[in-house]
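Let's go through this one by asking what stands behind each label. Have the model open while you read.

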Amino acid sequence: MSRILIKIKNHKKKLCLILVLIIILVCGIVMTNYYLAGFALIATLGLMINFLTVKKMQSGASVFYAGSKIRNIDTLIIGEPCSLDELASDKDIVLQITAPGRSPGASYEILRHTFGILDEGCGEVVLVVKKGNAETGFSLFDIPYLQLSPISVKRLGLEGLQKKSKLPLVFAPIRTMQMLLSVGKNKKPRETVVPQEMLKFCQERNITIRCMAVDWNRSEEG
Amino acid sequence: MKELYFGTGASSCKTYEDLRQVIDAAVTGGIRRFDTAPSYGTEEVLGKALYELSQRYGVSRDDLWVQTKIDPWQMQEKNGDIREYVEIVLKKLRLDYLNALLIHWPVPEYFDNTWDAFIQLRDVGLAKEIGVCNVRVRQLNRMQKRTELPQIVQIERNPLRTCEGELEFCRDNHIEVQAYSPLCKMDDRIKNSEALKVIAEQTGKNIGQVVLRWHIDTGVYPIFTSKKCSRIREYCELDDFSLIEEQISQISALNANYKMYLESCICPGF
């Protein structure tokens, strides 16, 4: 209940701020102060983009909460955005946890937090990596999944990133726009070798895993 | 009702006055087993309520069973060396010892150290029994190889998640199995189940009572909670009926392996 109340409170705060900026914009136009009007317009747009991104990030993680009925899914796709055509059949229940620029290290940690949603014994994980990306770092787009566990943020030293995750447009403007515009969703992935650590993790839990790579230097989108 | 536990978790009352009333209903209904945890925020009020009600109804300490847990943040904070927290909770609960102490979530990074501390605490008598919540056979096998098996296992279990593998393992190894969320918060698939409706009619009980009886008849101790005293009294009336094999099978057939709480989220790398 408290979580819902906080959400409503934050939502109201944001709406009030947007309303104030719209009033400034209207006043600016009426008073022919175009600098003021321009500032208000940009700030309003920025706030709305930020709000939409945060909402998109949070809604992806909401299926993991206790109240959700979504369980026993067939395919869990983690990593970079890509075309889903060859990754799952139409009959499959698929959950996609993707964000542009997600490192393989972050994908592994997200897998550790989310694999429980898979159908036991027959669920499949598809890891999608950017060709040549072997990073282990985290981004603020990983936070909604990592903070599902009350102790992970501290264990991974992500307290700063957790604060930044409320303002994605400020701290990761390019990735925020890429995420909102679903950049990369048509990239065709090609099968590659599964990282050893993830393979072992999945084998121990009776989960099938595939690793796919997307090449951002090839123009196969559209 | 020696097989029933009264839980004071997420859905239970939190203030002393409210909790005292429901604990009163539970104690007068014959319940003597109580479950809490630091994250529920009820340890102190439960201790106070049990102290008062035990005096009023003449219930001795030997007749009571009080168990609590160690939460992941406590395991992390002390890297498993959790004795200090146990001493604090004993004061909160106004007890000299716990009947059982359980690891709430088997967080891999801190599990071994915490379990070693649990064994020591049991050996010095601060906890009579020790156990683990939210485990699977995989973790139990590992525990068996490393040190020893728990005496108690507490899992999310209900007709939508029958946990056959865990039950079989625990039965074979004489481990007590407790079920939290035993009614799955009366999920529509339980509330509207034709099979359960028919069994309820056959036994003259309601669906909640039938499901709790199903737990007991399959060798599991259900931990239920309610904010309504009338509901608690209702659920205490399970001694006057039992289920036949066919009814048990019909209820078990509702299994959909549905989990409300995903272990991997709260306990990454589980």
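Q: What makes the backbone nitrogen of G116(A) and the side chain of S264(B) a polar contact?
A: The backbone nitrogen of G116(A) lies 2.9 Å from a polar atom of the S264(B) side chain. A polar contact is a pair of N or O atoms within 3.5 Å; within protein, one must be able to donate a hydrogen and the other to accept it, and residues adjacent in sequence count only if both atoms are side-chain atoms, so this pair gets the label. The backbone oxygen of H113(A) also lies 3.0 Å from a polar atom of that side chain.

Q: What sort of model are these values computed from?
A: It's a predicted model: local features need pLDDT of at least 70, side-chain atom pairs count only at pLDDT 80 or more, and totals for chains, interfaces and linings use all residues. Residues are numbered from 1 along each chain as its sequence is written, chains are lettered from A and ligands numbered from 1 in the order written, and side-chain values use heavy atoms, with hydrogens and water left out.

Q: Which residues does S264(B) touch?
A: Leaving out residues up to four places away in sequence, S264(B) touches R112(A), H113(A), T114(A), F115(A), G116(A) and F270(B). Contact here means heavy atoms within 4.5 Å.

Q: How do you know whether chain B is as compact as a globular protein of its length?
A: Chain B has 13 helices and eight strands. Its radius of gyration is 18 Å, close to the 18 Å that the globule rule gives for 270 residues, so chain B is as compact as a globular protein of that length. The radius is taken over C-alpha atoms, and the rule is 2.2 Å times the number of residues to the power 0.38. Of the 270 residues, 60% count as buried.

Q: What makes β3 and β5 of chain A a pair?
A: Strands β3 (residues 124–130) and β5 (residues 208–214) of chain A share seven bridges, in the parallel sense. Two strands pair if DSSP finds at least two bridges between them, so these two qualify. Strands are DSSP runs (E, at least two residues), and helices are runs too (H or I, at least four), numbered from the N terminus. Within the pair, V126(A) stands opposite R210(A).

Note on methods. Buried < 20%, exposed > 50% of the residue type's maximum accessible area, 1.4 Å probe, protein only.
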